[in-house]
Amino acid sequence: MLLLSRYEPTADSWYPKCMLHQWTGIHCPGCGATRACRALVQGDLWAAIRFNPLLIVGGPIIAASLWWQRRRERRGGPYAPWLSWTLCIVVIAFFILRNLPTPGSSPLAP
């Protein structure tokens with residue numbers, strides 16, 4: 001967090017770049033995550049959501065779902081494959097929607 005508060009993740013910075021985006025121009029589901037985390041560190045929630053809504057909005061929901069499933073399994077409950085499938089479908093849908101060609105650019109693109 002200290003690095004994010006001191007050094008801005010720009011195209012010229014030393015932060016790692018997304019190889020998929022560099023090679024193909026396609027935004028992966030993680031593109032914009034570093035900038036989103038920087039915006040969160042600075043207290044700008046809306047900018048963080050704009051950079052990567054899956055991470056900022058979906059991250060806590062995904063983490064809570066995984067925690068709930070793990071807790072359920074430890075108590076002897078059955079494994080719920082629907083959770084894994086739902087997470088996969090959400091990530092794939094986000095990947096597709098953020099790369100749809102639109103007149104300007106996709107509203108989900110970082």
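Read along the sequence, the protein chain runs α-α-α-α-α-α. This is a predicted model, and its secondary structure comes to 6 helices and 0 strands.

**View 1. The protein chain as a whole.** Before zooming in, here are a couple of overall values. The protein chain has 110 residues, and 25% of them are buried. Take the contacts between residues at least 6 apart in sequence: 43% of these join residues at least 24 apart.

**View 2. Helices α5 and α6 side by side.** Two packed helices are described by the angle between their axes and the distance between the axes. Here the axes of α5 and α6 come within 11 Å and cross at roughly 170°. An angle over 145 degrees counts as roughly antiparallel, so α5 is roughly antiparallel to α6. On the α5 side, the contact is made by Pro53, Leu54, Ile62, Ser65, Leu66, Trp68 and Gln69. Facing them from α6 are Trp82, Leu83, Leu87, Val90, Val91 and Phe94.

View 3. Trp68 belongs to helix α5 (residues 53-74) and Trp82 to helix α6 (residues 81-97), so the pair ties together parts that are 14 residues apart in sequence. Trp68 is partly exposed, with a relative accessibility of 37%. Both Trp68 and Trp82 also turn up among the residues that make the contact between the two helices.

View 4. Is Gly58 buried or exposed? Its relative accessible area is 13%, and under 20% counts as buried, so Gly58 is buried. Gly58 and Val90 are 32 residues apart in sequence, yet their C-alpha atoms are 9.2 Å apart in space. Val90 is one of the α6 residues in the contact with α5.

**View 5. Ala48, tucked away in α4.** Ala48 is found in helix α4 (residues 45-51). With a relative accessible area of 0%, Ala48 is buried. Which residues does Ala48 touch, setting aside those up to four places away in sequence? They are Ala36, Ala39, Leu40 and Ile56. Ala48 and Pro110 are 62 residues apart in sequence, with 9.7 Å between their C-alpha atoms.

View 6. Leaving out neighbours within four places in sequence, Arg50 is in contact with Ala109 and Pro110. Leu108 belongs in this view too: its C-alpha atom and that of Arg50 are separated by 7.2 Å, though the two residues are 58 residues apart along the chain.

Note on methods:
Residues numbered from 1 in each chain as written. Predicted model: local features only at pLDDT ≥ 70, side-chain atom pairs only at ≥ 80, totals over all residues. Heavy atoms only, no water. Helix = DSSP H or I, 4+ residues; strand = E, 2+ residues; numbered from the N terminus. Buried < 20%, exposed > 50% of the residue type's maximum accessible area, 1.4 Å probe, protein only. Axes fitted to C-alpha atoms, helices over the stretch in contact; angles between N-to-C directions. Parallel < 35°, antiparallel > 145°, perpendicular 65-115°, else oblique. Contact = heavy atoms within 4.5 Å.
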